[in-house]
Amino acid sequence: MEAADFSGYASKAGLRCSDGRTILAHAFKQQDGTKVPLVWQHMHNDASNVLGHAYLENREDGVYAYGFFNDEAQAQVAKGLVKHGDIEALSIYANKLVQKGADVLHGSIKEVSLVLAGANPGAFIDNVNISHSDGFTPLEDEAIIYT
């Protein structure tokens with residue numbers, strides 16, 4: 001697989017989201033390795049909002065995503081926003097949720113979105129691997145660090 005343009009947590013387990021739900025560890029484990037659309041702000045009702053795709057990876061502490069931008073104009077704008085750190089948050093749209101109270105035990109992720117502010121406080125881009133216009137590509141040991 002080619003190197004992703006960026007990666008980060010699409011959803012972090014055990015954190016209360018702004019909608020009051022808490023996604024538990026392995027709630028989406030059946031989707032490990034699944035490819036889903038990468039969308040702008042969950043606007044999945046219009047094909048022009050699809051920016052590329054993401055591969056999901058189930059981890060002990062949540063769902064990690066590897067994002068790839070397509071060549072469309074709107075995706076290149078989003079790519080620039082990610083490259084410059086203007087957009088850092090990720091979010092998921094999921095359905096078929098199985099819950100116990102506010103805890104999400106199982107579900108199906110339908111898309112990963114680049115968002116201005118995510119519902120899950122741990123869902124953010126932590127690695128950007130976008131080539132600069134001068135051909136320079138960040139080294140593998142470079143990362144964006146959050147505290």
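Predicted model: local features only at pLDDT ≥ 70, side-chain atom pairs only at ≥ 80, totals over all residues.
The side chain of R21 forms a salt bridge with that of D19, with an N to O distance of 3.1 Å. In general terms, side chains of opposite charge can pair when their charged atoms come close.

## The pair E57 and R59

A salt bridge also joins E57 and R59, whose closest N and O atoms are 2.5 Å apart.

Both partners are described by their accessibility: E57 is partly exposed at a relative accessible area of 24%, and R59 is likewise partly exposed, with 26%.

## The pair K12 and D61

K12 and D61 meet through their side chains in a salt bridge, at 3.8 Å from N to O. The distance qualifies because the criterion requires the nitrogen and the carboxyl oxygen to be within 4 Å.

This pair links distant parts of the chain, the two residues being 49 residues apart. K12 belongs to strand β1 (residues 6-12), whereas D61 is located in the loop between β4 (50-59) and β5 (62-69). K12 has a relative accessible area of 22% and is partly exposed; D61, at 30% relative accessibility, also counts as partly exposed.

## Overall count

The structure holds three salt bridges. They are formed by D19 with R21, E57 with R59, and K12 with D61.

Definitions and conventions
Residues numbered from 1 in each chain as written. Heavy atoms only, no water. Helix = DSSP H or I, 4+ residues; strand = E, 2+ residues; numbered from the N terminus. Buried < 20%, exposed > 50% of the residue type's maximum accessible area, 1.4 Å probe, protein only.
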